Amino acid sequence: MKPLARYAALSNYVELGRSVGLDPVRLVRESGLDPASLTLQDRWVPAATIADLLERSAAAAQCEDFGLRLAERRRIANLGPLSLVIREEPDVRSALRVMSRHAHMYNEALHTRLTERNGLATIRLGLDTGQAGETRQSVELAIGVLHGLLRGFLGSGWQPVETRFTHAAPADRSTHHRILGPNITFAQEFNGIIIYTTDLDAPNAMSDPLLRTYTQQFLDSTDLAPATTIDRVRELIELLLPTGRCSIEQIARSLGVDRRTIHRHLAAEGETFTTLLDSTRAELAQHLVANRRHSLTQIAEMLAFSSPGNFTRWFTKRHGCSPRTWRTQGKPTLRPKVHDTHQDLEGHRHRPAPNVSAEPESDR
């Protein structure tokens, strides 16, 4: 499976893109991503897709420092729930170790390793998106975010001993020096930041000792395991349904595998693609119908039904009442379900249908 990354990796992408003359919404859509989902920071997408979007954006804007400029707009909160833990660690060393150990919570493609020797600490950064392709912008984004995090711990006047990149130097280094300081080298053997070990011992100025107990409890209770195949497929179903391209083939391509691999992994976790599609669709339908933001016709299109009537019939069988009734009267108390399976007009098999007597009504 290809590594995934949170949409938070693209925080402020639209604003930066417009500032350098791009049409960021068009570029996002051409990458196969959903522009509307950029606000859903915790949704996961293939890290390779994000890396490719950043490279194409840098090329289109003729802006070699695009990724670094994006990093400049970041805050610690963009690390998601993990930021709550990191900001309460007592010192820089502890914060870096937590971030390295649980990097998969925000980017499965990113790996960091901290080593100490002769008074110097080296923070190496690796990026593996699962496919061949340029990752210069993603690496500079990650290094820039790490540098900003260290400055948050050590103060705005802090500078590293050296910042290293494996790629060649840009024609104009002014942005790099403004953001990362004067000690930058290119064409090196690794990407990373070198600091003094004494910096690691510095107390975290953001930390509140009274809150650390609670953040540790949060860390212990939160599921920190990498995303399962079910998690990955469910996220992509939510992403692809509105595009009309939600198929097992498309999801397999997004994850860099074939459809049989998807089926095999889902079966090992006690699930099938059809039932996962149905349950995800049902959850989305409940949410969309209840919040009244979209018409029922729009919802039918967003959930990839061929017509509002087909959506209404599916919803009624799935939830025990029509979507219009659900919207106006709320969730009904369902009668006992008949324990058999059925086939809907969309060609998907579903869980047992409730025994309903009301005729479906369509949205007009």
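Start by selecting F305 and F311: both of them are buried, meaning under 20% relative accessible area, where exposed is over 50% and partly exposed lies in between (1.4 Å probe, protein chains only). Before going on, know that this is a predicted model, where local features need pLDDT of at least 70 and side-chain atom pairs count only at pLDDT 80 or more, while totals for chains, interfaces and linings use all residues. Residues are numbered from 1 along each chain as its sequence is written, and side-chain values use heavy atoms, with hydrogens and water left out.

Rings of Phe, Tyr and Trp (its six-membered ring) pair if their centres lie within 6.5 Å; planes under 30 degrees apart are stacked, over 60 edge-to-face, and the rest tilted. Searching the whole structure turns up 7 aromatic pairs. One of them is F305 with F311, a tilted pair at 5.4 Å centre to centre with 55° between the planes.

Next, click on R281. Which ring face does R281 lie over at 3.9 Å from the ring centre? That's F305. The charged end of R281 also sits over the ring of W314, 6.0 Å from its centre. (The rule here: NZ of Lys or CZ of Arg within 6 Å of the ring centre and within 35 degrees of the ring normal.)

Switch to cartoon view and look for 5 strands in the order 3-4-7-5-6, an open sheet with mixed pairing. Its edge strands, pairing on one side only, are strand 3 (110-117) and strand 6 (184-185). Strands are DSSP runs of E, at least two residues, and helices are runs of H or I, at least four, numbered from the N terminus; two strands pair if DSSP finds at least two bridges between them.

Zoom in on strand 5 (residues 162-164), which pairs with strand 6 in the parallel sense over 2 bridges. There, T163 stands opposite I184 of strand 6.

Then select helix 7 (residues 136-154), which packs on the sheet and touches strand 3, strand 4, strand 5 and strand 7 (191-196). Contact means heavy atoms within 4.5 Å. The direction of helix 7 makes about 20° with that of strand 7; axes are lines fitted to C-alpha atoms, for helices over the stretch in contact, and angles run from 0 to 180 degrees between N-to-C directions.

Finally, zoom out: the protein chain has 17 helices and 9 strands.
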